[in-house]
Amino acid sequence: MTRVAAGSWQNWLKKTLFSSSSSSRTRKALSNLASPAHEQIIKSPPLVSLDIHDDIWPLHPSTGFGDLASSSIQEPTTEQIGRVIDGKSIAERIRSGIASEVSMMKSSIGKVPGLAVILVGQRRDSQAYVRNKEAACKEVGIKFVMTKLHEKCTQDDICDALSKFNQNPAVHGIIVQLPLPEHLCEGKILDVLSVEKDVDGFNPMNMGNLAMQGREPLFIPCAPKGCIELLLWHNVKIMGKKAVVIGRSNLVGLPASLLLQRHHATVSIVHPFTKNPEQITREADIVVSAVGEPNLVRGSWLKRGAVVIDVGTYPVEDPRCEHGYRLTGDVCYEEAVRVASAITPVPGGVGPMTIAMLLSNTLESAKRTYNFFT
């Protein structure tokens with residue numbers, strides 16, 4: 001995948017924004033940032049390429065951030081139904097590009113990326129997620145290995161498995177499938193995972209670099225990265241928009257809010273202690289919900305024309321389904337689709353994109369390891 005070098009983007013920004021006082025040049029620079037990413041499989045640019053120093057503040061009234069950030073998706077009338085953001089089809093295109101790169105790597109240097117997963121216990125949703133990851137790896141040619149541990153295993157059992165994968169040169173990405181049983185400390189376990197193989201992006205170093213301008217994490221957490229990809233693929237402009245993230249978990253809510261901020265959205269976070277969450281959410285142009293509470297977000301929570309990204313997944317017993325349950329989201333889809341301009345379904349929205357981003361992160365890790373760049 002062709003990417004713009006982070007350094008060249010930064011130098012271009014500094015030269016264009018600050019070498020002249022001309023407002024027209026500043027407008028042009030900001031307009032370029034607000035336009036859709038270059039056509040490529042992964043549309044998210046390096047985060048440092050988005051950084052703009054705060055000394056452009058005096059230019060804000062004349063540059064018109066709101067105009068530059070306007071979305072190409074039109075507000076629906078009362079008769080219209082919101083456009084479905086089909087994460088499944090986009091993920092298929094991304095996986096196809098990844099498969100081509102993996103094939104090229106194999107033919108060029110005789111190596112392929114490797115992903116290792118540690119699965120603890122018998123949670124049905126975790127088992128389903130791991131099955132999907134295994135199938136996706138097989139599809140694109142990434143080697144998949146897994147260690148299964150009993151629900152009552154010790155912390156040392158998991159750390160020993162992690163250490164083996166850390167030392168295995170054929171493994172480029174490692175996942176500890178979360179959540180873990182309550183008797184285990186997720187933080188201490190994840191601290192053992194090598195930051196160079198942390199394809200989930202949960203290491204404090206990756207999360208810290210995600211939060212800071214001028215820093216680039218080795219890996220961006222997969223679900224939030226998938227959310228941004230969906231917005232970019234659908235030409236939803238983020239700069240200057242009001243975004244509300246419902247949920248502040250380390251897995252999705254926190255990194256999603258940081259990532260939206262790096263893309264210059266004005267971000268509010270709704271959590272269990274937020275007063276008037278419905279009112280706050282109704283002000284948002286972009287709503288990302290990630291709490292796993294079925295039908296929490298009703299149509300009345302949304303501003304007409306908002307773009308809704310539903311990350312929440314909740315298993316509901318349903319004997320008619322293959323595995324005895326079906327997944328539903330945080331958003332009451334039947335209501336929201338009549339208010340939003342665009343919305344992700346559950347399943348078929350963020351889920352496939354999360355796996356595609358995992359494959360992408362694993363490929364990038366292998367490319368760094370082998371110094372293989374196309």
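At what angle do helix α10 and α14 pack, and how far apart are their axes? In this predicted model, the angle between α10 (residues 222-233) and α14 is about 110°, and the axes lie 8 Å apart. Because angles of 65 to 115 degrees count as roughly perpendicular, α10 is roughly perpendicular to α14. The crossing of these helices is right-handed. On the α10 side, the contact is formed by C222, A223, K225, G226, C227, E229 and L230. Helix α14 contributes V350, M353, T354, M357, L358, S360 and N361. By residue type, this contact of α10 with α14 comprises eight nonpolar, four polar and two charged residues.

Helix α14, which spans residues 350-370, also packs with helix α6, residues 124-140. Here the angle is about 55° and the axes are 10 Å apart. The two helices are therefore oblique to each other, and α6 and α14 cross in a right-handed sense. From α6, the residues in contact are N132, K133, A136, C137 and V140, and they meet I355, L358 and L359 of α14. The composition of this contact of α6 with α14 is six nonpolar residues, one polar and one charged.

Is T362 buried or exposed? Its relative accessible area is 0%, so T362 is buried. Leaving aside residues up to four places away in sequence, T362 touches P113, G114, L115, I142, H172, G173 and V199.

Attention now turns to the backbone. Most residues other than glycine have a negative phi, and most peptide bonds are trans.

H264 counts as partly exposed because its relative accessibility is 21%, and the cut-off for buried is under 20%. N276 has a positive phi as well, near 55°. Its place is in the loop joining β6 to α12 (277-282).

Finally, a word on confidence. The average pLDDT of the protein chain is 85, and 82% of the residues score at least 70. Over residues 1-39, however, pLDDT is below 50, and this stretch has 65 contacts in the model beyond near neighbours in sequence. Residues 59-74 also stay under 50 in pLDDT. For that segment, the model has 34 contacts beyond four places in sequence.

Methods. Residues are numbered from 1 along each chain as its sequence is written. This is a predicted model: local features need pLDDT of at least 70, side-chain atom pairs count only at pLDDT 80 or more; totals for chains, interfaces and linings use all residues. Side-chain values use heavy atoms; hydrogens and water are left out. Axes are lines fitted to C-alpha atoms, for helices over the stretch in contact, and angles run from 0 to 180 degrees between N-to-C directions. Helices (H or I, at least four residues) and strands (E, at least two) are DSSP runs, numbered from the N terminus. Angles under 35 degrees count as roughly parallel, over 145 as roughly antiparallel, 65 to 115 as roughly perpendicular and the rest as oblique. A crossing is left-handed if the near helix is turned anticlockwise from the far one by less than a right angle, and right-handed if clockwise. Contact means heavy atoms within 4.5 Å. Ala, Val, Leu, Ile, Met, Phe, Trp, Tyr, Cys and Pro count as nonpolar, Asp, Glu, Lys and Arg as charged, and the others, Gly among them, as polar. pLDDT is the predictor's confidence in each residue, from 0 to 100. Buried means under 20% relative accessible area, exposed over 50%, partly exposed in between (1.4 Å probe, protein chains only).
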